[in-house]
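Here are a few friendly notes to read with the model open beside you. Each point can be checked by eye as you go.

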Amino acid sequence: MELTGVGAPLEVVDDVGDSDLWLRAARGDNAAFTTLFERHAQSVWNHTYRLTGSWTSAEDLTSSTFLIAWRKRGKVVLVRDSLLPWLYTVAGNLARTEYRGANRRLRLLRRIPDPPVVSDHADAVAEQVDGAERLRQVIDAVHALPRAQRQVVELCLLGDLPIADAAELLEVAEVTVRAHLSRARAQLRALMEEK
């Protein structure tokens, strides 16, 4: 495979070291940089995937790593004729920056209060209609009770009058009011279960 660009052509890519390719890339040889990218992109992607656990983050970080490499191609010093350690360092720094940014965004989102729950108007209307229907059924059931039980229910249950006051008002013993109240509750429960 032969690459052309600024400087002498590259005979065999596998025989050319990273430092030679990097020098050519620093002088503007796009083909040399492309060769470096093709040589190390998979390793950088694997490294960023191990750091993030996300395919999309690994792709983004790999792209960003090589973008930084392109921008700094005139300033980078290679380690033992390999660009890979420098690429790993840049990718690691980018992954840490991404992780810190994600944590900051999560903390910010946690501080935002939940939106208030807005009840659905249709639910409120349905509840009112159901409540009105249920109240009508209860009133019909109370009216179906015998007169003495109905009076006790109206005074004690619907009117919240104490049993002693209801007994005095109806001029009967408290025990009678309790008995009428007990029987009325049983009949009302039975009538409401039928409906």
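1. The side chain of Thr-35 has a polar atom 2.9 Å from the backbone oxygen of Ala-31. Thr-35 sits in helix α2, residues 30-52; helices here are DSSP runs of H or I with at least four residues, numbered from the N terminus. With a relative accessibility of 5%, Thr-35 counts as buried (buried is under 20% relative accessible area, exposed over 50%, and partly exposed in between, with a 1.4 Å probe and protein chains only). Please keep in mind that this is a predicted model, where local features need pLDDT of at least 70, side-chain atom pairs count only at pLDDT 80 or more, and totals for chains, interfaces and linings use all residues. Residues are numbered from 1 along each chain as its sequence is written, and side-chain values use heavy atoms, leaving out hydrogens and water.

2. Helix α2 also holds His-40, which counts as buried because its relative accessibility is 7%. Which side chain does His-40 join through a polar contact of 2.7 Å? The partner is Asp-18 (a polar contact is a pair of N or O atoms within 3.5 Å; within protein, one must be able to donate a hydrogen and the other to accept it, and residues adjacent in sequence count only if both atoms are side-chain atoms). Leaving aside residues up to four places away in sequence, His-40 touches Asp-18, Phe-66, Leu-83, Leu-84 and Leu-87, where contact means heavy atoms within 4.5 Å.

3. Asp-81, in the loop between α3 (55-71) and α4, has a positive phi near 60° although it is not glycine. Asp-160, in the loop between α6 and α7 (163-170), likewise is a residue other than glycine with a positive phi, near 55°. Asp-81 is partly exposed, at a relative accessible area of 38%, whereas Asp-160 counts as exposed, at 66% relative accessibility.

4. Now try helix α5, residues 121-143. Its 23 residues should span 33 Å at 1.5 Å a residue, and the end C-alpha atoms are 33 Å apart, so the two agree; the expected span is 1.5 Å times one less than the number of residues. Gln-137, Ala-141 and Val-142 are buried in α5. The buried residues of α5 pack against α6 (147-158) and α8 (174-194). An α-helix has 3.6 residues a turn, so residues three or four places apart point the same way.

Note on methods:
Helix = DSSP H or I, 4+ residues; strand = E, 2+ residues; numbered from the N terminus.
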